[in-house]
Amino acid sequence: MDAVCQVCMHHCHLKPGQRGRCRARKNEGGEIVCANYGQVTSLNLDPVEKKPLRLFCPGGLILSVGSYGCNLSCPFCQNHEISMADEETAMFRYASPAELVQRAEKYRLVGNIGIAFTYNEPLVGWEYVRDTAKLIHERGMKNVLVTNGSASLSVLEALLPYVDAMNIDLKGFREEYYRKLGGDLDTVKAFIARADRDCHVELTTLIVPGENDGLEEMEEEAAWIASVNADIPLHVTRFFPRYRMTDRDATDVRRVHALADVARNRLKYVFVGNCG
């Protein structure tokens, strides 16, 4: 029996055995399941600031975990080896939610505050996030989500009770740019606005030369963020050639700072990234 996945804006119509665009969800017997559940490709203890989060538990460490799959197709993805992979091409090890939580507790002794779901797009496997995050909260630890925000509000509602902070990619502020990446700007805007009501939210915009580096676009983006909450931190980050975009130079540092200055006219907290 065919089935339609409701996790994101793509609404993939899948035949039995077929995987969705994200490569992480699958039709099994007429039911859409999380095919990458517990399949961990990446695990590392990182500074919280690396997520990036600047106003959430500064100075802390967090156990960062990733799987495979993503529902966008960004040609500059720095983690394309796992985000663009599937079960056949990714190298992974199964870790149950309980096992991952035990690992997080072990690192508590060196300053770990919890778990960050990151590296690939965690929401394509949101059930694993939910099950693990519940256990982390039971241990009195924190959960962080690093996401592109390209998911349905029903998925967000299921996770919000267990997520303490998010960094959400706001990749630009033009619908045509989002379409090039395989996304939808309105979906992300709705996700951000809802998340901010019940969670600490910080945003990241990667500035890609010739794509989303206009001052007017940043003015519109910052104005919209301020209309949601002027206290939401925005990270304006420098692009470096990656994956399928090695044909252009890194963003000029002066341009990154100029765009950050534009955002500061509207927002209280604006940070630059990758400019050191």
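Y128 is buried, because its relative accessible area of 8% falls under the 20% limit. This is a predicted model, and the values given here are computed from it. Y128 pairs with Y37 in an edge-to-face arrangement, with 5.1 Å from centre to centre and 75° between the planes. Y37 sits in the loop between strand 4 (31–34) and strand 5, whereas Y128 belongs to helix 3, so the contact ties together parts that are 91 residues apart in sequence. Y37 has a relative accessibility of 25% and therefore counts as partly exposed.

By the rule used, the structure has 3 aromatic pairs. Another of them joins Y68 and F92, whose rings are tilted, at 6.1 Å centre to centre and 40° between the planes. These two residues are 24 apart and link distant parts of the chain: Y68 lies in the loop between strand 7 and helix 1 (80–83), and F92 in the loop between helix 1 and strand 8 (93–94). Y68 is buried, at a relative accessible area of 0%, while F92 is partly exposed, at 33%.

The structure holds 2 cavities of 30 Å³ or more. The largest cavity has a volume of about 130 Å³, and 16 residues line it; nearest its centre are G66, S67, N120, P122 and Y128. Strand 5 (39–40), strand 7 (61–66) and helix 3 (126–138) each contribute at least two residues to this lining. By class, the lining of the largest cavity has 7 nonpolar, 8 polar and 1 charged residues.

Next comes the open space. The largest pocket holds about 1,100 Å³. It is lined by 40 residues, and K51, Q78, N79, D169 and T204 are the closest to its centre. Two or more lining residues come from each of strand 10 (142–147), strand 11 (165–169), strand 12 (200–207), strand 13 (234–238) and strand 14 (270–273). The lining of the largest pocket comprises 15 nonpolar, 15 polar and 10 charged residues.

A last stop is Q102, in helix 2 (residues 97–106). With a relative accessible area of 52%, Q102 is exposed, because the limit for that class is over 50%. Q102 and V65 are 37 residues apart in sequence, and their C-alpha atoms are 13 Å apart in space.

Terms used. Residues numbered from 1 in each chain as written. Predicted model: local features only at pLDDT ≥ 70, side-chain atom pairs only at ≥ 80, totals over all residues. Heavy atoms only, no water. 1 Å grid on protein atoms, 1.4 Å probe; cavity = no way out; pocket = protein on both sides within 12 Å on 5 of 7 lines; lining within 4 Å. Points joined across faces, edges and corners; volume = space filled by probe spheres on them. Helix = DSSP H or I, 4+ residues; strand = E, 2+ residues; numbered from the N terminus. Nonpolar A, V, L, I, M, F, W, Y, C, P; charged D, E, K, R; others polar. Buried < 20%, exposed > 50% of the residue type's maximum accessible area, 1.4 Å probe, protein only. Phe/Tyr/Trp six-rings, centres within 6.5 Å; stacked < 30°, edge-to-face > 60°.
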